[in-house]
There are 2 protein chains.
Amino acid sequence: MIKADERREEIADYVIKLGQVRIDDLVEHFGVSRMTIHRHIDRLAQQGVLRKLHGAVTVQPSGLYESAFRYRVTVNRAEKDALARAALDYVEAGQVVMLDDSSTANAVATLLLDVKPLTVVTNSVSTAALLINVDDLDFICLGGQYHGTYNAYIGIVCENAVAQLRANVLICSASAVTGTTAFIQDPNVVRVKQAMMAASVKRILLVDHAKFDRIALHVFDDLTSFDAVLVTEGLGDAQAQSLERAGVKLRIVKTKAS
Amino acid sequence: MIKADERREEIADYVIKLGQVRIDDLVEHFGVSRMTIHRHIDRLAQQGVLRKLHGAVTVQPSGLYESAFRYRVTVNRAEKDALARAALDYVEAGQVVMLDDSSTANAVATLLLDVKPLTVVTNSVSTAALLINVDDLDFICLGGQYHGTYNAYIGIVCENAVAQLRANVLICSASAVTGTTAFIQDPNVVRVKQAMMAASVKRILLVDHAKFDRIALHVFDDLTSFDAVLVTEGLGDAQAQSLERAGVKLRIVKTKAS
DNA sequence: GCATGTTGACGTTAAATTCACATAAAGATA
DNA sequence: TATCTTTATGTGAATTTAACGTCAACATGC
């Protein structure tokens, strides 16, 4: 409920203020059971706000800027989580995974911590904050010009950096989809994403069904270019069948948390 | 994991206080087994805080690592601030400034906020955190493989990214200086710094005088390659004159806070 | 090659975390 | 109001994990 959210926010603020806190300190400070504290911080860790250690929690290492985004919450969180979980089917331990700057891919990053060892490549600052200093995980950040709107590095420097690399799998998202075409609003972002497509063996697109039948300024790519297009449930049967007939490897993901 | 962290911090404090301690003293002082002490100091040595000798540990002389503990951040703070303030003389509004991953350059970044508009380029995550979302400041992050010890992106990806850019001025530091040669400990870091040298019109080196008459593993560059070498006061007159005779554009910076 | 310091493998212990279940509170529905 | 559902919390056992110690093999010679 609301009360739990407030409590979580209090916990996050407390941990962020102190940098690192022992679980028992939290138990004492908030006067609740250890189990409850665990449940709260598990959720905060899922959101990427905190990181759990044995016996303590810390803020994400680059908490400086992460804190500004820490409650940039959860528009369609359930959908993103469902897509992210489904996307794990396309990742195996030991692979090189490329993630774009979408919040959906960011959700994937939190789950990737369970698929180590891995090499992860991204241009997203939020995702970088999640993956820095994780053991058994080789992290490569794509540099470039910082763009606050996307909280990511983009531009020529970024495109060239991508072109030097090869990933087993790319997990990305799009602004809008109409017919079998995916769109992206920003011209510089679309170039980075297209470079990522070219640098990846397998390509997975994650899109909320609400993005269908919309357009954005720039064409990203055709849905048939992806090895899998994961969409949240809610797409009409007729539309789904039409996409599959067009050769799109469509997969509908159930949102409901089992 | 947490208890071990605290124990490691205690050990580090103890060693730093005494300068050099025998392992058996640590065993006795902390009442744990020799093996445990070894494990702790191995980790501290890996973090660059301590150095292992046979039968003893000393503090690591080169105060270059950003990553570790709270006291490390404040080591030689006054010197770094003085150098950073002096370095501002070489930066003008509107220029492109490149900063390396040193904590000294990070100190410069905090002061650059008063020289806007600027374009700043760096591979340091700490510095990136400072400069993200600053108005009137174009920020370009150099990507690459993340290295926790330096809290920076390094490696081939980073070197190539640097090679694409040109900066008006580079502000950087070194691990050690002997004669007219500057050294860097890490082979990958030195390559990034050398790429930065090649990509910059003007080059400024900032070094604490305590780093003189020491060496590190890799040769970075000759002091005469820099357009200015800023050193904190404490260098002997004879040594200063000798450097100037060798063609080094030396500038002694007073540490005393006004 | 001796004495001392160091490393690695393994087992033990203590602790943290998770799980299953029970309880309590808040909302919804009729 | 009564009761039914949903959500938050607590309890204690079961499981997992980390820290440490011991001993034996190895390396080194501040």
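Mentor: Let's start with a definition: a residue is buried under 20% relative accessible area, exposed over 50%, and partly exposed in between (1.4 Å probe, protein chains only). What you're looking at is a predicted model, where local features need pLDDT of at least 70, side-chain atom pairs count only at pLDDT 80 or more, and totals for chains, interfaces and linings use all residues. Residues are numbered from 1 along each chain as its sequence is written, chains are lettered from A and ligands numbered from 1 in the order in which they are written, and side-chain values use heavy atoms, with hydrogens and water left out.

Trainee: Okay, why is R7(B) called partly exposed?

Mentor: Its relative accessibility is 24%.

Trainee: What makes R7(B) and E10(B) a salt bridge?

Mentor: A salt bridge is a side-chain nitrogen of Lys or Arg within 4 Å of a carboxyl oxygen of Asp or Glu. Here the N to O distance is 3.8 Å, so the pair passes the cut-off. R7(B) and E10(B) are three residues apart in helix α1 (residues 2-18) of chain B, which means about one helical turn between them.

Trainee: How do you know what is a helix or a strand?

Mentor: They are DSSP runs, numbered from the N terminus: helices are H or I with at least four residues, strands E with at least two. By that rule chain A has ten helices and 15 strands.

Trainee: Which residues does the salt bridge of D101(A) tie together, and why does that join separate parts of the chain?

Mentor: D101(A) pairs with K193(A), the closest N and O atoms being 3.7 Å apart. D101(A) lies in the loop between β4 (96-99) and α6 (103-112) of chain A, and K193(A) in helix α9 (residues 187-198) of chain A, so the pair ties together parts that are 92 residues apart in sequence. Both residues are buried. Together with D100(A), they are linked in a network of salt bridges.

Trainee: Is S124(A) buried or exposed, and how do you know?

Mentor: Its relative accessible area is 2%, which is under 20%, so S124(A) is buried. Contact means heavy atoms within 4.5 Å. Not counting residues up to four places away in sequence, S124(A) touches D100(A), D101(A), N151(A) and A152(A).

Trainee: What makes α6(A) mostly covered?

Mentor: Nine of its ten residues are buried, among them T104(A), V108(A) and L112(A). Across the 258 residues of chain A, 52% count as buried.

Trainee: Now the two chains. What makes chain A and chain B an interface, and how much do they bury?

Mentor: Buried area is the accessible area (1.4 Å probe) that two parts lose on being put together, summed over both. Here that is about 2,300 Å², 60% of it on carbon and sulfur atoms. In contacts, 30 residues of chain A meet 26 residues of chain B.

Trainee: How many residue pairs are in polar contact between chain A and chain B?

Mentor: Eight, with both residues at pLDDT 80 or more. A polar contact is a pair of N or O atoms within 3.5 Å; within protein, one must be able to donate a hydrogen and the other to accept it, and residues adjacent in sequence count only if both atoms are side-chain atoms. The count of salt bridges between chain A and chain B is zero.

Trainee: How do you know that β7(A) and β6 of chain B pair?

Mentor: Two strands pair if DSSP finds at least two bridges between them. β7(A) and strand β6 (residues 137-141) of chain B have two, in the antiparallel sense, so they qualify. G144(A) has C141(B) as its bridge partner in β6(B).
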